[in-house]
Amino acid sequence: MNMDRQQFWRLLKPIHPKAESFCRKLTGNRDKGDDLYQSSILKALRKIKSLKKIEAFPRWFFRIIINNHKNQIRAPLWRERIKILQAMEVMNPQNDYDAKRWLEKALNVLSADEKALVVFYEIEGWKISELSDIFKKPEGTIKARLARSRRKMRKVFEFER
Amino acid sequence: MNCKDVKKKIRRDVVISSEIMEHFKSCPSCAQMAQSSLLLQDILKSHNETYPVTPIEELITKIEKLALPKETFMSKVKEQIDNRPKLIYGMGFAIFLFLFITLVPFSYKINAGYDLIVGNDQQIEISREQIDLIIFKIGLNDIGIEHSGNQLIFTGLSEKQDAIKIATALDIILQNKFEYKINPVYNTISGSLYAQVKDKIKVNVESEGKTLEQMAQEIEEQLSKFYSAVNAIVVEEDGNRRIQVRVSKEEDGKKNEQLFELYIEAEPDEDITFEISTLAKANKLDIDMEGKSDDEIISEVKAKLEEQGQPDADVTITTNQDGKREINIKVDRDEMIEK
């Protein structure tokens, strides 16, 4: 659809805080999160013609963020998974810094979609119905994927013990 | 409580009841699972670090400053290809098809007319005058006729209907005694564009710093690659440069049948450039001018040139001081004079 830049910014404004926070939590780092957010906005501006309806803007934009993040981390994520399996640092999860490192390790065993799902639900507090809309999957599927993701993350802690 | 029930409860919500605690005492595996689930839950809950939201106006300024590159033609092409990956396959196929049509010299046949063959094992009793009368009455021109004993062949018929008309007329005269056969005649045409272009011979001779004899020699050298006997003369008269090219067939070292003769006019200071179509120029024009008016000769010449693929030839006749008539034929940039 034909949309000028002003219209794009008007649509982004209401979801901007949520989207920015999501990018930061997804990357686990403020600067990386801001980079991800800005590069996603640039991609969205280039692909604006692919947006069919204005109402679909939030779903369309979050999908761009998830895919952008997926592309950015693809190869390093695989290497990270191997590192997790081969060696685990001994960390004290009671310590804030260590807790963050633990979470990073745990999230890194997930695929990009699973990671996005966990961040949306567990960290950002999105509802199952909202996630169902973003990922275009039934709510039952979203719940099953969340359960699978938690199982994978739990294994990270079980491994250490 | 068994392990299955305990794990089911822990998965849903990590709340440890006394019953579950009792189970843990005898089951280290479930205890471990509960511990890691609690740990994960605590870590996820603790991960609520928030940063201040960037003001939207600041974000807009930052994005605009990143200066999205201006859309160039190539970026638009790239975007189209990215959006439609099948487009590149289509374009690749189109390029392949174009190259195939241009370069592959496949040939095809086109119908160039009909021949009519009349005869069987009997002698055909018919005079030339009768045959000419039939042809005249039907309104045909330039038909080839061969009459030998028990066969009569008509060639150069452009339409099948013409052959049928001749056959019908002969049938009446010869009283249904003979068999008639109409054969289509095909010409093989080279289909590829490249081959069609190649069918022309281009002659290009630079004139700077060369004598007339040197230019003539160069024309002969260039045409000798295609014809066995070539003779070229370059002369300058009345401020014009005239080039005469005579091409003959050579057999056993002797020049015999003349294939064609070309006269070209050029500016004295310009390079000599002309083209010869290898198909068309292989034919001669055989014109019998005796007893015919200028108009009749012009019509005949035009008809023969049209057969040779030169429909737009400009034909004029001039009479010399000694009474000899010259047929002047202008075809594209070439000029042929036949005396």
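**Exercise 1.** Where do B:K25 and B:E22 lie, and how many residues apart are they?

*Solution.* Start with the location: both residues sit in helix α2 (residues 18-26) of chain B. They are three residues apart, about one turn of the helix. Keep in mind that this is a predicted model. Next, look at the side chains, which meet in a salt bridge at 3.5 Å, N to O. Side chains of opposite charge can pair when their charged atoms come close.

**Exercise 2.** Find the salt-bridge partner of A:R24 and say which helices the pair links.

*Solution.* The partner is A:D34, with the closest N and O atoms 2.9 Å apart. Now place the two: A:R24 is in helix α2 (residues 16-27) of chain A, while A:D34 is in helix α3 (residues 30-46) of chain A, 10 residues apart. Both A:R24 and A:D34 are buried. Finally, widen the view: A:E20 joins A:R24 and A:D34 in a network of salt bridges.

**Exercise 3.** Explain which parts of chain A the pair A:E124 and A:K25 ties together.

*Solution.* First, the contact itself: A:E124 forms a salt bridge with A:K25, and the closest N and O atoms are 3.3 Å apart. A:E124 lies in the loop between α6 (112-123) and α7 (128-135) of chain A, and A:K25 lies in helix α2 of chain A, so the pair ties together parts that are 99 residues apart in sequence. Both A:E124 and A:K25 are buried. Over all chains, the count comes to 16 salt bridges.

**Exercise 4.** Name the residues that touch the most other members of the largest nonpolar core.

*Solution.* The core has 54 residues, and the ones to pick out are A:F8, A:L12, A:I41, A:F61 and A:F120. Helix α4 (residues 57-86) of chain A gives the largest share of this core, seven residues. Then zoom in on A:L12: leaving aside residues up to four places away in sequence, A:L12 touches A:Y37, A:I41, A:F57, A:F61, B:I56 and B:L59.

Note on methods
Residues numbered from 1 in each chain as written. Chains lettered and ligands numbered in written order. Predicted model: local features only at pLDDT ≥ 70, side-chain atom pairs only at ≥ 80, totals over all residues. Heavy atoms only, no water. Core = buried A, V, L, I, M, F, W, Y, C linked by side-chain atoms within 4.5 Å. Buried < 20%, exposed > 50% of the residue type's maximum accessible area, 1.4 Å probe, protein only. Helix = DSSP H or I, 4+ residues; strand = E, 2+ residues; numbered from the N terminus. Contact = heavy atoms within 4.5 Å. Salt bridge = Lys/Arg side-chain N within 4 Å of Asp/Glu carboxyl O.
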